Amino acid sequence: MALNLLNGNSEALELLDWSQLAADISSLSHFELTRGKLSAPPVARTVLQIQNDLNLLEDYLKNYDDYSLTFNSKLRLLPDEESSFKLIPDISKGKYFEARELHFLAQIAESYQECWPMFRTLSFDRDFSIDTNTVTKIKRNFVNPLRDFVDFSGNVSYERHPVLKRLYAEVLALENDLRISIQKTAKTDLYSSKLQLDSYDIINDRYVLAVRSDSYNSELGPIVSRSQSGMTLFVEPYEVREKGNKRIHLLSEIESMILKLTIELSKVIHVYANELSMMTQFVLEIDWLNTKATYSSKLGLAKPTLNEKFYFELNGVYHPLLKHPVKNNIVLNSTHKGLIISGPNTGGKTVALKSFTLSVLMVHMGLYVPATQADIHPVPDLYYFSHDHQNLAEGLSSFASESKYYLELLKSLGPLNLIIIDEIFNSTSSEEASALAIAFLDEVHHRSNSKVVLSTHHQVLKTFMHSRGDYVSAHVGYDFDLNRPTYKLILGEPGSSLAFKIFDNLSEEYGLKTEISERAKEMLDKKQMTYETLLQDLSQKKIDLDKLLINNRALNIELRNQKSSMEGTLYLEREKVLNEYTKKIKSLFDKAENFLTDVKNGKINNHRGLNNEMADIQSALIKEAPERKNVEVANNIYAHMALIKFEDISPDDTVFSLTAKKNVKVQNVNPRKKEVQIQHGALSVWVKSDSLRYSSGVKPKIPRITINVQKTVSGDIEVDCRGMRLEEFQKIAEQSIDEVITGEIPFVTIIHGHGDGILKNWLRNYLKKVHRDLRWENIEGNDGCTKIFI
């Protein structure tokens, strides 16, 4: 199959594993639109366009840490769905947006305002700068008023807006009154004997009681809903109906107020449609740029040099999808028409061709290339032919289908073409294939200015092209000692296909010793066998020479290293000591971190144990301190201070501590352990009495300050939250869950009702995401409440 890879033809790209490569790159993108950009086939671009992209990427990579940090902390907070960005064209159409849609537009404006100062120095293809006064107006007239009633999660927050706050307060008060009223009503004689459930519920914004269908009468109130079985009727008592109507009226006022606010803000952004569109394009451009930079940094790609002389030189080129690729050099200078690669099967010919082709494609995408150094001419027409051309749909054999594609290529050649052919005419006899290939290549060069890179096993073809001199010959190496390919591309001479050698090796692996290869050699022309043998010997000598060069380089490196071997030994000794010291310090810090975690989790409740543990950690740190070696010298400074007997030490005494190297106050004494508790800064620690001395200059006593912290605990193991707003419910639920975690209560049952599930869904999602160590369950299958325990 042969198709131009740069005219949007995705079918040809599949031959190069492009979809997998695009998936690897797009996995680093945040927005769906960016990922969609990579799923589209690449198109040919001018040298100037590509150079601008490469320069922009280079500037981004120079400050990659700062740029990527800003991107990840700011722009990744935006929604990634493509549907969100479909709002942008609707601005200019005068559409009125809902609160959550306005929230997304505000996020775009906020992201631009926060990120543009960081990225403004980059040389983008288009100007993303917006007048500072305009940005300020968008924030003042749109973003700030929106944030008065929509929080940064996109939810309407009634507490932020003065009118909504008043209406919401009335709703809360009325809902509290409704809860009390309906609970009293449920206990009256009229209802108590007819209820299916003891609790009330909220259905269709109505406070209802569950009444058995066989006990219902019109005195109980209107029916709001029925259970699926029809055995339970949800009835709104007349006693709460008026309050329920008032509540619904207040909720309607709130909705009307929100609608009014969103319409006003929609009118504001209609004025700034162009600016918001530009902000959106800026955000997407940064995502694409960060994607390319992250991929280039991750794989160690190189910035290519673009040339206008139609030549290619790639050093250390490799396939970006291989985990441990072998790097090769591919050179196709301006004086040669092409490169012809030969050598054994599975030796790396196809991988070399794909690596070269992908590098040219990546350049057109504005990407760095998988090589250590690359000089590339970005041709406008790039063709790739695979080695399997059979077309069953059209009834064409492999040879006929391949010929058809080559003829189509001759019709579509442009002024400058790069043509890659893997195994040219491999489905017909070698002599005919060689002759056809030579004539076909001559026709290509006669019709256009083209470079051709191809692989082949045909002896006549590789010999003729090598002797003619207008094609560079190359072959993939084979290690005869290890009986395996080296995957190294060797430029300068053709190589043997090694079919007999590989066949014999495989025969030995399968335990079959035959004379097949020997009889086959007898059937071949003596000149052909001699030529193949020479190529094989030449390839082996080339490999032996490479091994010798590698050994010489290793020897030179070893000799250079001997000079500094003693310094290296000393360095290693220092590293060993430092590593041991680092391990000890890390162990102490880990112990301190675990201790802090235990304290936070309430595992250590004993104040004495707390102080002892802190003293042990501090003492160990002091022991491992670098200056510990000089402790004895330092202690001589205080040798003139008299040792205090333990019996002479009393609480509130001021003494000198050799550990703290200053005057400290005694808080308590332990006669059994001969230990003294001292106040050291903000910490109280226990020390041995022999580390204390009489103080020479006692400072005046400082009045003791006592701070008492009182924690309020509700202690309720059952909390009825039915009819609450989500914000109120969240505060009560979090407080109750905290009391379970701290052990104040063994469990808590939160009654949230059935209704539309807002409270229930929030609670259970909160437990799954935040408190995975807690368990919860329904009580006897009642989904209207949740029991939470450790």
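1. Rings of Phe, Tyr and Trp (for Trp, the six-membered ring) form an aromatic pair if their centres lie within 6.5 Å; planes under 30 degrees apart count as stacked, over 60 as edge-to-face and the rest as tilted. A search of the whole structure finds 23 such aromatic pairs. The model is predicted, so local features need pLDDT of at least 70 and side-chain atom pairs count only at pLDDT 80 or more, whereas totals for chains, interfaces and linings use all residues. Residues are numbered from 1 along each chain as its sequence is written, and side-chain values use heavy atoms, with hydrogens and water left out.

2. Phe124 and Phe282 form an edge-to-face pair, with 6.3 Å from centre to centre and 75 degrees between the planes. This pair links distant parts of the chain, 158 residues apart: Phe124 is in the loop between helix H8 (99–119) and helix H9 (132–147), and Phe282 is in helix H13 (residues 273–299). Helices (H or I, at least four residues) and strands (E, at least two) are DSSP runs, numbered from the N terminus. Both Phe124 and Phe282 are buried; buried means under 20% relative accessible area, exposed over 50%, and partly exposed in between (1.4 Å probe, protein chains only).

3. Tyr406 and Phe425 also form an edge-to-face pair, at 5.1 Å centre to centre and 85 degrees between the planes. Tyr406 lies in helix H15 (residues 398–412), and Phe425, 19 residues apart from it, lies in the loop between strand E12 (416–421) and helix H16 (430–447). Tyr406 and Phe425 are buried. Glu423 has its place in the loop between E12 and H16, and its phi is near 60 degrees, a positive value in a residue other than glycine. Glu423 counts as buried, at 11% relative accessibility.

4. Which residues do ring pairs link into a cluster? They are Tyr60, Tyr64, Tyr67, Tyr112, Trp116, Phe119, Phe124, Phe128 and Phe282. Ser68, in helix H5 (residues 64–74), is in contact (heavy atoms within 4.5 Å) with Tyr60 and Asn290, leaving aside its neighbours within four places in sequence. The side chain of Ser68 reaches the backbone oxygen of Tyr64 at 2.8 Å. Ser68 counts as buried because its relative accessibility is 10%.

5. Leaving aside neighbours within four places in sequence, Lys292 is in contact with Asp53, Leu57, Met365, Gly366 and Leu367. The C-alpha atoms of Lys292 and Tyr60 are separated by 9.7 Å, although the two residues are 232 residues apart along the chain.

6. An open sheet of four strands has the order E6-E10-E7-E8, with mixed pairing; two strands pair if DSSP finds at least two bridges between them. Strand E6 (305–306) and strand E8 (328–332) stand at the edges with a single partner strand each, so one side of each has no neighbour in the sheet. Strand E7 (residues 312–317) and strand E10 (residues 373–376) run antiparallel and are joined by three bridges. Within this part of the sheet, Leu314 stands opposite Ala374 in E10. Helix H14 (residues 349–364) packs on the sheet and touches E6, E7, E8 and E10; its direction makes about 115 degrees with that of E7. Axes are lines fitted to C-alpha atoms, for helices over the stretch in contact, and angles run from 0 to 180 degrees between N-to-C directions.

Key:
Polar contact = N/O pair within 3.5 Å; in protein donor to acceptor, adjacent residues only side chain to side chain.
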